Amino acid sequence: MFTPTELSDINTLLTQESRIVILTHYNPDGDAIGSSLGLKHYLKAKGIHAEVIVPNDFPKFLKWMPESKKVIIAEYKRKLAADMIAGADVIFCLDFNSPSRIGLLGDWLIKAPGKKILIDHHQQPEQFDFVYSDTVIPATSQMIYHFIEAMNDEKLVNQDMAECLYTGIMTDTGGFRFRSTSATTHRIIANLIEHGADPAMITSNTWDTNTVSRLHLLALVLGRIEVVNDGTVAILSLTRNELKEFGFQKGDTEGFVNYGLSIAGVKMSAFFMEDLYEDFVKISFRSKDDVDVNQFSRKYFNGGGHINAAGGKSLDSLAGTIVNFKEKVKEDAL
């Protein structure tokens, strides 16, 4: 957590006259949007206006959250986003550890004169004016709740805030089943429920809104799942043509990588997907126990993340990337 002096300095910065923006990472997920909107609702409860800016669009299944429709998507409103970042007095940086993780917003963030406040749970954060980094906490949305606590503002938590933070924690913990989910996490979830978060509604809106394209793609992926490395590693993949054939929409492949871990004996699952427009392969890694996919991704696939959840990227073909992956898991004895 921020030091008492830092909290005091941040509190001084947060005034009704302050121009405040909240940024999160490229391809925003549930925790990115949940933490950003949760923080926005917290500031609103203090009488302070803030705008959430994301580099690119986010999945439809997250657009039920309060004020999600007001999120500024930089790929659609480039000038507005650039001007707001340049003119901000305070810039909250949520769920990313480096300007390189926020796409076209990165250069604007580096040049912006406003005070930069990082709240993030990824490893190896870069330098910001204020840094709250904790890699043990399973979700940035949980860190936002701790920040609210540290500001002695728990009394301000309302239903809108609770719904957003609950969604962020739920999605980044895989429905509270990842090892990083702690007793503290569950206590916070209980508090959010008491403040109006409805678990059934949130789960239904977030996870029970499948598109037909998603189900077709899931059937395709599961129909050819491959298990290698003596049954410890699962491989899933999709080509660009397959995405086009079944009418891929943003968010359709969310969670596909987790299916590999449901296979008995599998300790690591990898999902490879050709980008729809550019020549690279996006990779998602998930693991169990002490299998460190963060280090694996950093070492071989220009990525990173957490011990049990990470992402990467390959400029090779899909087939070449998978062959390379199989070689690397053998080399590392995963």
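Over how many bridges do E2 and strand E3 pair, and in which sense? In this predicted model, strand E3 (residues 72–73) and E2 are joined by two bridges in the parallel sense. The legends below begin with these strands.

**View 1. Strand E2 pairs with strands E1 and E3.** The title strands are linked by parallel pairing: E1 (residues 20–23) meets E2 over four bridges, and E3 meets E2 over two bridges. Within the second, Ile-53 is the bridge partner of Ile-72 in E3. E1, helix H2 (residues 30–45) and E2 together form a β-α-β unit that is right-handed.

**View 2. Strand E2 is largely enclosed by the rest of the structure.** Strand E2 spans residues 50–54, and five of its five residues are buried, so the remainder of the structure largely encloses it.

**View 3. Helix H3 has three named buried residues, Ala-81, Ala-82 and Ile-85.** The helix runs from residue 78 to residue 86.

**View 4. Tyr-42 is a buried residue of helix H2.** The relative accessibility of Tyr-42 is 0%, and Tyr-42 therefore counts as buried. Apart from neighbours within four places in sequence, the contacts of Tyr-42 are Phe-147, Ile-148, Met-151, Asp-153, Leu-156 and Met-161. Tyr-42 and Glu-254 are separated by 212 residues in sequence, and their C-alpha atoms lie 28 Å apart.

**View 5. The largest nonpolar core contains 49 residues.** The residues with the most contacts inside this core are Leu-43, Phe-92, Ile-119, Phe-147 and Leu-192. Helix H6 (residues 159–172) gives the most to the core, contributing seven residues. In soluble globular proteins, nonpolar side chains tend to be buried together. Ile-119 touches, among others, Phe-2, Phe-92, Cys-93, Leu-94 and Asp-95, when residues up to four places away in sequence are not counted. Further residues touched by Ile-119 include Tyr-132, Thr-140, Met-143, Ile-144 and Phe-147.

**View 6. Six strands form an open sheet with mixed pairing.** The order of the strands is E7-E8-E9-E10-E12-E11. Strand E7 (226–228) and strand E11 (304–305) stand at the edges with a single partner strand each, so one side of each has no neighbour in the sheet. Strand E9 (residues 268–274) pairs with strand E10 (residues 281–287) in the antiparallel sense over seven bridges. Ala-270 has Phe-285 in E10 as its bridge partner.

**View 7. Two domain annotations come from UniProt.** An unreviewed UniProt entry lists "domain: DDH" at residues 19–169. This span is 36% helix and 17% strand, and its end C-alpha atoms lie 27 Å apart. "Domain: DHHA1" is listed by UniProt, in an unreviewed entry, at residues 238–316. For residues 238–316, the content is 23% helix and 29% strand, with the end C-alpha atoms 15 Å apart.

Note on methods
Residues numbered from 1 in each chain as written. Predicted model: local features only at pLDDT ≥ 70, side-chain atom pairs only at ≥ 80, totals over all residues. Heavy atoms only, no water. UniProt positions renumbered as here; feature names shortened; annotations may be inferred. Core = buried A, V, L, I, M, F, W, Y, C linked by side-chain atoms within 4.5 Å. Buried < 20%, exposed > 50% of the residue type's maximum accessible area, 1.4 Å probe, protein only. Contact = heavy atoms within 4.5 Å. Pairing = 2+ DSSP bridges. Right-handed = clockwise from strand over helix to strand, strands pointing away.
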